[in-house]
Amino acid sequence: NSFSQFQEWDEIKMKTDWDYTDRAHTYDSRADYNEDAILNLLNSGDLCPGDKVADIGAGTGKLTKFLLNSGLIVKAVEPNDNMRFYGRKNLQARCLEWIEGTGEKTRLDNNSVKAVFFGSSFNVVDQMKALKETKRILFDKGLFSCMWNHRDTVDFVQSEIENIIKSAIPDYSYGLRRQDPTKVIEESGIFGEVKRIEEPFWVKMTKENMIKAWESHHTLFRQAGDKFDRIIKDISEFLVKDSYMVPYTTRIWFGKKR
């Protein structure tokens with residue numbers, strides 16, 4: 001009925017606890033996912049050009065562009081107005097649909113997509129609710145996946161940046177974005193065997209982009225509070241070279257709907 005439709009819309013308009021409004025303009029400075037890891041995932045999901053898929057928490061289109069380049073028909077679900085603005089700008093010549101929704105309320109039709117992707121977004125949702133929503137919109141035997149890029153914090157430069165952060169926030173934690181989601185995926189009972197893909201790689205980043213990437217880091221922003229600007233300044237002063245090779249690993253977990 002009309003009341004329930006308005007109620008659902010209000011819940012979406014409330015967005016999430018993770019408000020990227022002030023981070024959106026820096027988000028494109030983050031490293032892209034490893035292309036081999038994404039292609040491996042698409043092959044594992046038996047995805048072909050023309051298949052309909054959902055990119056949940058699409059942000060500025062970091063993962064979306066890989067999916068489009070593979071010929072997939074993408075529904076990009078993103079709750080934040082600013083993130084969608086930059087996503088549309090980045091992919092303005094591409095054919096896709098942007099939808100204001102969340103992982104828990106995508107506003108997609110039942111059984112409407114062959115795959116559901118959470119690119120660096122599964123850590124900011126109610127995971128069990130998001131998995132149930134994934135079940136609703138996914139074809140039988142369709143693919144679920146979540147992924148993140150993780151920096152190698154053992155690397156000297158990255159280790160020193162960690163020290164800067166933890167000197168300001170001794171109990172700093174990366175939370176769910178660095179935790180293995182296998183258990184919650186299995187506990188949902190929705191998917192078969194949970195598998196994993198890992199691809200290490202290096203990204204050459206300018207000092208400016210490294211700083212912007214940290215400015216986009218909402219996990220740090222949430223925990224730093226009024227220390228955030230000082231931490232960014234300390235990182236900026238530590239980075240004396242014009243560019244750096246930054247070590248990353250793209251980590252992906254995936255399973256198929258039973």
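**Helix packing and salt bridges in the predicted model**

Helices α8 and α10 are roughly antiparallel to each other, because their axes cross at roughly 160° and angles over 145 degrees fall in that class. In this predicted model, α8 spans residues 207-215 and α10 spans residues 228-238, and the two axes come within 10 Å. The crossing of α8 and α10 is right-handed. On the α8 side, the contact is made by Lys207, Ile211, Trp214 and Glu215, while α10 contributes Phe228, Ile232, Ile235 and Ser236. Sorted by class, the residues in this contact comprise five nonpolar, one polar and two charged.

Across the whole structure, 17 salt bridges are found. One of them pairs Arg151 with Glu162 at 2.7 Å, N to O. This pair links distant parts of the chain, with Arg151 in strand β5 (residues 138-151) and Glu162 in helix α6 (residues 156-168). Because the threshold for burial is under 20% relative accessible area, Arg151 at 9% counts as buried, as does Glu162 at 7%.

A further salt bridge joins Glu198 to Arg196, with the closest N and O atoms 2.5 Å apart. Here Glu198 is partly exposed at 37% relative accessibility, and Arg196 is likewise partly exposed at 42%. Through salt bridges with shared partners, Asp180, Arg196, Glu198 and Arg251 form one network.

Technical notes. Residues numbered from 1 in each chain as written. Predicted model: local features only at pLDDT ≥ 70, side-chain atom pairs only at ≥ 80, totals over all residues. Heavy atoms only, no water. Axes fitted to C-alpha atoms, helices over the stretch in contact; angles between N-to-C directions. Helix = DSSP H or I, 4+ residues; strand = E, 2+ residues; numbered from the N terminus. Parallel < 35°, antiparallel > 145°, perpendicular 65-115°, else oblique. Left-handed = near helix turned anticlockwise from the far one by under 90°. Contact = heavy atoms within 4.5 Å. Nonpolar A, V, L, I, M, F, W, Y, C, P; charged D, E, K, R; others polar. Salt bridge = Lys/Arg side-chain N within 4 Å of Asp/Glu carboxyl O. Buried < 20%, exposed > 50% of the residue type's maximum accessible area, 1.4 Å probe, protein only.
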